[in-house]
Amino acid sequence: MITLIGGEMAGFAEDRPPAGGALLGHLAAHLAGQLPAGTTVLVAGPHEPALVGELAAHASVTCLVRSETAAIELDRRGVDVLCGTLAKLPEPGRWDVVVALDGLGRLCSAEGPQLDWVECLQVVKRALRPGGTLLLAVENELGLHRLVDPATATSAQTDDAWRPLGEFDDTKPGTPTRLAARLAAEGLAVDWLGAAWPEPGRPTMIATPNALRDGPVDALAALTARAAAAAYANRSVLSDPRRLSAAAVRAGLGPELAASWLVAAHLAPRPSAVLTLPPVLLGHGPALIDGPAPASGPANDSSGPADNSSGPPNNSPAPAPGGRILELSPGPDGVWVRRLLRGPDGEGRSALDGPLPRGRLVEELLIGACLRHDLPVLRRLLAGWIAALPGVTADNVVVSGDTFSTLDPGVPASADPLRELARTLLTGGYAHPWPAATDLRALTAILHGAAGLTGDVPDGPDGADPPQPDSRREHEEQLRALNRRLADAASRAQWYERELAKRAEELRKARVQISAFSGSFGYRFAKLGYGVARKARNRLRKRT
C-alpha cells in the first residue's frame with residue numbers, strides 16, 4: 001500500500017542506483033536475523049529490492065521514498081510505502097529500526113523544505129521508538145572514490161541534485177570520530193562502526209577502525225587494494241586506486257579515506273538485541289536474486305534469530321550465484337582467521353576457511369625493488385613466487401620471509417602471471433632496471449629469465465589480460481617518460497648534427513687547400529722533383 005505523505009515527486013526517477021550489493025545485503029540479513037517478531041522497520045531512501053526483501057521476511061517493513069515511480073515498484077512487491085519528503089514523515093516514535101544504508105542525501109524532495117545533514121538525522125531519530133536502532137551510511141567527502149573517480153562531481157548537476165552541498169554542508173561529519181560524536185550529541189549511542197571500501201553505494205569491504213589499526217595491516221591493505229581494483233577495472237581514474245587505498249591502510253589513514261562509514265546506533269534505553277558484526281567483512285558479487293514478492297510482515301512466529309542453515313527463508317530472495325561473503329576476525333590465539341559466511345553453490349569452504357596469510361603483497365615488493373633497481377631482491381622474489389605459486393598473479397600473493405601464500409584462493413589461475421606483472425609496470429609508468437624493454441613481450445621475456453624460467457615466452461592472446469584501472473596519473477607519468485626519452489633523442493640528434501657540420505666544414509677546408517696547392521708552380525715543381533727522385537732511387541736499387 002502506498003501512502004502519500006506530502007512532497008512526493010511524480011514522474012521522477014533517481015539518477016544514481018540504489019544502495020545494495022552483497023555486503024549491504026548481508027548486513028540487512030544479519031540485522032533481520034536478530035529482530036524479534038513484530039519488529040517494525042523503516043527503510044529510508046532508495047535500496048535494492050533484494051535488500052528490502054531480506055528485512056521484510058523477518059519484520060514489518062515500511063519504505064520511505066520520494067519518487068512515485070519507485071513507490072509503485074515497491075508496492076508491486078507487497079511492501080508498505082510512504083511516498084514523500086522526509087520533513088513530512090508522520091508519527092514520531094513509530095519504528096523499532098530505521099535502515100538508511102543509502103545515507104540521508106536522497107530523502108528530501110523538491111516539493112518540500114531542504115534539510116541539511118544534521119536536520120535529516122534529527123528527523124530520523126524522532127522516528128525511532130525508545131531503544132530503537134539506527135543503521136546508517138555516511139558518505140565520506142574525502143573518500144577514495146572522490147580522490148580517484150573523475151566522474152564524481154564536486155557539485156553535482158544531475159536532476160536529483162537541486163541542493164548539491166557536498167563538502168560544503170558544515171553539519172555533515174568528516175571523520176569517524178566526529179560521526180560518533182555527532183550521533184552521541186543527538187542521543188544515539190554507537191554500537192558498531194565500520195569503514196566501507198571502495199564505493200559508498202556498493203561496498204565490497206567493511207572494516208572497523210580498530211581492525212585497520214591493530215589487525216594484520218599488510219593483509220588488510222592488500223585486500224583493500226583488490227577491492228579497489230575490482231571496482232575500478234576498465235574505468236578511467238585520476239590515480240591508481242590500488243596504490244592509494246593500500247598506502248592509506250598501511251599509513252593508518254584507512255578509516256579517514258574510506259568511501260563511506262556504516263554505523264549502528266541506538267536510542268536509550270539499550271535494546272535487548274544489539275547488532276554485532278565481525279571486525280572485517282568481504283563481499284563479492286550481487287547480493288541476492290529477486291525471489292517472490294516479500295510479504296509486509298514477519299515471516300514466522302519465531303522470536304529468536306532466524307536459522308538460515310537450510311537455505312533462505314520462505315518468500316525471501318535466494319543467494320545469487322557468484323555472491324560471496326567472508327568474515328575476518330582474530331582467533332583465540334591472536335591469529336586472524338577467515339570464514340565463509342555465504343558462497344555460491346558448490347564452492348568448497350576448505351580453501352577459504354582458515355588462517356589469514358600474513359605478509360606483504362608481492363606485487364608491491366616487486367614494484368619497490370624495480371624502483372630501487374635492486375636486482376638481487378627482484379630475482380629472489382620472482383623465483384620464489386613462481387616456484388611456489390606459478391599460476392597466481394602478483395596482486396594475489398603475500399610473502400612473509402620465504403613463505404609465499406595465496407591471499408584469495410577463489411581467484412582463477414592465470415596462464416602467465418609474469419605477463420600481468422610486466423603490464424602493470426608498463427601501464428603504471430614505473431621505473432625498472434630494464435629501460436630498453438619498452439614493449440610487453442620484451443619485458444615479459446626478461447621477467448621470465450629473472451624468475452629462472454627457460455624456453456620461449458608464449459604470446460598472450462588478444463583480450464587475455466585482466467582489466468585494470470585506466471589511471472590518468474599513470475598516463476601522465478608515461479607521457480613524461482616518453483617526453484624525457486624524446487628530449488634525450490633530440491639532444492643526441494642535435495649533437496650528431498653539430499659533429500657532422502663540423503666534419504663537413506673541415507672537409508671543405510681540406511678540399512679548398514688541396515685545390516689551391518694543386519694549381520701552383522711550387523706544387524708542380526715539387527711533384528716533378530719527387531718523380532725524378534723516385535726514378536733515381538729505383539735505378540740505384542736495380543744496380544745493387
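Because the model is predicted, local features are given only where pLDDT is at least 70 and side-chain atom pairs count only at pLDDT 80 or more, while totals for chains, interfaces and linings use all residues. Residues are numbered from 1 along each chain as its sequence is written, and side-chain values use heavy atoms, with hydrogens and water left out.

## Salt bridges

The structure holds 26 salt bridges, a salt bridge being a side-chain nitrogen of Lys or Arg within 4 Å of a carboxyl oxygen of Asp or Glu.

| Pair | Closest N and O atoms |
|---|---|
| Lys172 and Glu141 | 3.0 Å |
| Asp395 and Arg226 | 3.8 Å |
| Glu364 and Arg360 | 2.8 Å |

Lys172 forms its salt bridge with Glu141; Lys172 lies in the loop between helix H5 (144-148) and helix H6 (176-185), and Glu141 in the loop between strand E6 (128-139) and H5, so the pair ties together parts that are 31 residues apart in sequence. Helices (H or I, at least four residues) and strands (E, at least two) are DSSP runs, numbered from the N terminus. Both Lys172 and Glu141 are buried, where buried means under 20% relative accessible area, exposed means over 50%, and partly exposed lies in between (1.4 Å probe, protein chains only).

Asp395 forms a salt bridge with Arg226; since Asp395 lies in the loop between helix H11 (375-388) and E18, and Arg226 in helix H8 (residues 217-231), this pair ties together parts that are 169 residues apart in sequence. Asp395 is partly exposed at 24% relative accessibility, and Arg226 is partly exposed at 22%. In the remaining pair of the table, Glu364 is buried with a relative accessible area of 12%, whereas Arg360 is partly exposed with 26%.

## A sheet of three strands

An open sheet is formed by 3 strands in the order E17-E18-E19, with antiparallel pairing. Strand E17 (360-361) and strand E19 (403-406) stand at the edges, each with a single partner strand, so one side of each is left without a neighbour in the sheet. Two strands pair if DSSP finds at least two bridges between them, and strand E18 (residues 397-400) is joined to E19 by 4 bridges. Ser400 has Thr403 in E19 as its bridge partner.

## A buried strand residue

Val41 belongs to strand E2 (residues 40-44) and is buried, with a relative accessible area of 0%.
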